[in-house]
Amino acid sequence: GRTALTNPNQSAAAEKEALDAAVRQTDLEAKIEALQKFAADYPKSADRLRVLEILVAARAQLADVKLAAGEIEAGVNLFKLAAEEAPTPVSGKLFA
């Protein structure tokens, strides 16, 4: 069989497209899913820290929404998950 050659430019373009699509999500649950998928699909991405920071922020936003809706347990669990998944070290941009 033939072996497919990977074009680094195509791969970089696909990575950028996946990141842009994830960041553009307006639905918080969809954004979290897309960011998790990006982190899994591109574990060596130069944008990994940024993705993890956006993921933590999105979880915290969703936790606020859940708390405001009276879903206390769900909100608290999301805050805990956001804290556990926060990248180390935490950059100054995380809480900006």
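**Exercise A**

Task: list the residues that Arg 59 touches, not counting residues up to four places away in sequence.

Solution. Arg 59 touches Ile 32, Gln 36, Leu 78, Leu 81, Ala 82 and Glu 85 once those sequence neighbours are left out. Here a contact means heavy atoms within 4.5 Å. The model is a predicted one: local features need pLDDT of at least 70, side-chain atom pairs count only at pLDDT 80 or more, and totals for chains, interfaces and linings use all residues. Residue numbers start from 1 along each chain as its sequence is written, and side-chain values use heavy atoms, with hydrogens and water left out.

Arg 59 sits in helix α3. Helices (H or I, at least four residues) and strands (E, at least two) are DSSP runs, numbered from the N terminus.

Arg 59 is buried because its relative accessible area is 4%. The cut-offs are under 20% for buried, over 50% for exposed, and partly exposed in between (1.4 Å probe, protein chains only).

Task: state how many helices and strands the protein has, and give its pattern along the sequence.

Solution. Count the elements. The protein has four helices and zero strands. Now read along the sequence: the pattern is α-α-α-α.

Turn to the totals. Of the 96 residues, 27% are buried. Among contacts with a separation of 6 or more, 47% join residues 24 or more positions apart. The accessible surface comes to about 6,700 Å² (Shrake-Rupley method, 1.4 Å probe). Carbon and sulfur atoms hold 55% of that surface.

**Exercise C**

Task: decide whether α3 and α4 are roughly parallel or antiparallel, and list the residues in their contact.

Solution. Two packed helices are described by the angle between their axes and the distance between the axes. Take both values. Helix α3 (residues 48-68) packs on helix α4 (residues 72-85) at about 165°, and their axes lie 8 Å apart. Axes are lines fitted to C-alpha atoms, for helices over the stretch in contact, with angles from 0 to 180 degrees between N-to-C directions.

Classify the angle. α3 and α4 are therefore roughly antiparallel to each other. The classes are under 35 degrees for roughly parallel, over 145 for roughly antiparallel, 65 to 115 for roughly perpendicular, and oblique for the rest.

α3 and α4 make a left-handed crossing. Left-handed means the near helix is turned anticlockwise from the far one by less than a right angle; clockwise gives right-handed.

List the contact. From α3 come Leu 55, Val 56, Arg 59, Ala 60, Leu 62, Ala 63, Asp 64, Lys 66 and Leu 67. From α4 come Ile 72, Ala 74, Gly 75, Val 76, Leu 78, Phe 79, Leu 81, Ala 82 and Glu 85. By class, the contact of α3 with α4 has 13 nonpolar residues, one polar and four charged. Ala, Val, Leu, Ile, Met, Phe, Trp, Tyr, Cys and Pro count as nonpolar, Asp, Glu, Lys and Arg as charged, and the others, Gly among them, as polar.

**Exercise D**

Task: describe how α2 packs against α3.

Solution. Start with the geometry. The axes of helix α2 (residues 28-41) and α3 cross at roughly 155° and come within 9 Å. So α2 is roughly antiparallel to α3. The crossing of α2 and α3 is left-handed.

Now the residues. α2 contributes Leu 28, Glu 29, Lys 31, Ile 32, Leu 35, Gln 36, Phe 38 and Ala 39. α3 contributes Arg 48, Val 51, Ile 54, Leu 55, Ala 58, Arg 59, Gln 61, Leu 62, Val 65 and Lys 66. The contact of α2 with α3 has eleven nonpolar, two polar and five charged residues.

**Exercise E**

Task: find whether Val 51 is buried or exposed, and what it touches.

Solution. Val 51 belongs to helix α3. Val 51 counts as buried because its relative accessibility is 1%. Beyond four places in sequence, Val 51 touches Leu 19, Leu 35, Phe 38 and Ala 39. The C-alpha atoms of Val 51 and Ala 22 are 9.1 Å apart, across 29 residues of chain.

Leaving aside neighbours within four places, Leu 78 contacts Arg 59, Leu 62, Ala 63 and Lys 66. Leu 78 and Val 56 are 22 residues apart in sequence and 9.3 Å apart, C-alpha to C-alpha.

The C-alpha atoms of Glu 53 and Glu 85 are separated by 8.9 Å, with the residues 32 apart along the chain.
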